[in-house]
Amino acid sequence: MDISSSNNAFTIKPQKAVGLHRFLCMQGGDDDGSYAKNSQAPASAITLCKPLLLTAIQSMKLFFNNKDEADSVRIADLGCGTGYNTLATTDMIVESLKQRYLKECGFKPEFEVFYSDLPSNDFNYLFQSLNALFSDKKTRPYYVAGVPGSFYHRLFPKGKLHIAVSLSALHWLSQIPEVVLDKRSGAWNKGRAWIDGAKKEVAEAYAKQSEKDLDEFLKCRKEEIAIGGMLFILMGGRPGSCPPENQLGDPDSRAKHPFTDSMDQAWQDLVAEGLIEEETRDMFNIPAYMRSMEEVERGMKRCGGFEIEKMEYRRIVEHSEEKQKEWMRDPVSYGRAKTNMLRAALRPILQAHLGPYLSDQFFNRFEKRVSSDLNLLHKTCFYGVIVVFAIRI
Ligand SMILES: C[S@@+](CC[C@H](N)C(=O)[O-])C[C@H]1O[C@@H](n2cnc3c(N)ncnc32)[C@H](O)[C@@H]1O
C-alpha cells in the first residue's frame, strides 16, 4: 500500500475497483472480532431457511439408485467462510441424504464435501474445526476438500456436482462498480461507503454489477452441476417493492445497519480529525448488493438450464430478545458487539484500504458512534434474505 503524508492527513492510494478477490474475506481466527464469533445473523438466516433446505433435499433426484453403480455424492458449499454455520449445514445435508438413500435404495453412498471460498478465507481455521468435529469418529461421515477461488469463476469440472449450496455469500459482488469511485462520473458515491440511501446513479451502477455477477455465477454452476442436481442459494435480499437504493427495506433497519449511518459518521470523524483525506473516504465502498426476487428470477431466466422449484423472501430479526435485554443492561457492550460484527465482515477489506493503524482508528470511532446512540438499541430491526432452490434441467 502507498501511504504519504500531506496536511497532517494520510493520503492513501485509492481502493481499486478490481482485484477484490485478493483480499475480500471475513475476519479469520476466533478472537472477539472474528467471523467465527460473529456469525449469529447468518446462523439465524440458515435456521429460518432450514425447512426449505430439508424440503429441497427430500424432493431432489437421488443419483445412483443401485449400490453397484454408486459413485460418491458430491456437495459444494460456495462462500463457506470459517464458522460453525457451514459445518452444521453440510452435516445436515449429508445426514438427511443418507437417511433417504437407506430408506429408498437400501444403501448409503459415500459423500464428498467441497468447501469453497476466496483464497484469502481462513481455511486453516475451518479445517481445524472440522478435525475437532471428526476426531472421535473412526470413519468420516464424509470426505472433505478445500477449493480456493471465486464463485464467479469455474471451480469444478463439468457436471461434477450433485448439490451446490451458497449461504449468505452471493450478495458480495465481484468488484466495486468502477463508476462509483470515479470523481468525474455522475455515479460517484461521495461521502458514502455503501449504496443504501445513495443517489439513483450509484444504485444503478451497483444493480448493473450485480446483474453481471449473477449471470457469471449461474453460468458457471450450470456447467458444474449434473442434470437433476440442485442449487440452493440463501443471500441477502430486499423486498421487491423497494428500489435498489433502498437496500434494507425499512427505515429503522437502515438507521441501525452497520453499513449505513454510523459507518458514514465514523468515516467523517476520521476526516474531521485530519487522520485521512476526504478522497480516501470516498474511495472506499462496500461491494455488497441486496437483490430482489424479481432480479434473481430474471437472472435464472437469462441463464436457462435451471428450474426454480421455490423462491421466498424472508425477514430475520437482527438479534434475539434476550440479547437485546442483556445489551440494555450494559449499553457499552452493545457498542462493542456491533463493532465486532462490523470487524468480522469488513476488517480485511478495510485494512487493505487503510492499513492496520487507521482501520483500528475507524472501528474505534464506529464503536463510539454506536455506543452514544442508545435509541437504536431499543429498536427491533429486520434484515431481508432471499432463498431459492432450483434444479439443473
Ligand atoms: C457472510 S460469509 C458467509 C459464510 C458462511 N456461508 C455462513 O453462512 O456463515 C460470506 C462468505 O462469502 C465469501 N465470498 C464473498 N465473495 C466471494 C466470491 N466471489 N467467491 C467465493 N466466496 C466469496 C466470503 O469470503 C465469506 O466467507
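Two strands are taken to pair if DSSP finds at least two bridges between them, and helices (H or I, at least four residues) and strands (E, at least two) are DSSP runs numbered from the N terminus. The structure described here is a predicted model, in which local features need pLDDT of at least 70 and side-chain atom pairs count only at pLDDT 80 or more, while totals for chains, interfaces and linings use all residues. Residues are numbered from 1 along each chain as its sequence is written.

The secondary structure of the protein amounts to 10 helices and 9 strands. The radius of gyration, taken over C-alpha atoms, is 22 Å, close to the 21 Å that the globule rule (2.2 Å times the number of residues to the power 0.38) gives for 393 residues, so the protein is as compact as a globular protein of that length. Along the principal axes, the C-alpha atoms fill a box of roughly 75 × 45 × 40 Å. Of the 393 residues, 44% are buried, a residue being buried if 20 or more other C-beta atoms, placed from the backbone, lie within 10 Å of its own, exposed if 12 or fewer do, and partly exposed in between.

Strand S3 (residues 73–78) pairs in the parallel sense with S4 over 6 bridges, and in the parallel sense with strand S6 (residues 161–167) over 3 bridges. On the S4 side, Ile75 has Val113 as its bridge partner, whereas Ala76 stands opposite Ala164 in S6. In a regular strand the side chains alternate between the two faces of the sheet. In S3, Val73, Ile75 and Asp77 point one way and Arg74, Ala76 and Leu78 the other, and all are buried; with 6 of its 6 residues buried, S3 is therefore largely enclosed by the rest of the structure.

In the antiparallel part of the sheet, S9 pairs with S7 over 7 bridges and is joined to S8, also in the antiparallel sense, by 11 bridges. Val385 in S9 is the bridge partner of Gly236, and Arg314 likewise stands opposite Val385. Strand S9 is mostly covered, with 9 of its 11 residues buried.

Within helix H4 (residues 200–224) lies Lys219, which counts as partly exposed because it has 16 C-beta neighbours inside 10 Å. Lys219 and Gly304 are 85 residues apart in sequence, and their C-alpha atoms are 8.7 Å apart in space.

Most residues other than glycine have a negative phi. Phe64, in the loop between H1 and S3, has a positive phi near 55 degrees, and with 16 C-beta neighbours inside 10 Å Phe64 counts as partly exposed. Ser168, in the loop between S6 and H4, has a positive phi of about 50 degrees although it is not a glycine; Ser168 is buried, with 22 other C-beta atoms within 10 Å.

The ligand is surrounded by 23 residues, of which the closest are Gly79, Gly81, Asn85, Ala169 and Trp172, a residue being near a molecule if its C-beta atom, placed from the backbone, lies within 6 Å of it. The shell around the ligand divides into 11 nonpolar, 11 polar and 1 charged residues, with Ala, Val, Leu, Ile, Met, Phe, Trp, Tyr, Cys and Pro counted as nonpolar, Asp, Glu, Lys and Arg as charged, and the others, Gly among them, as polar.
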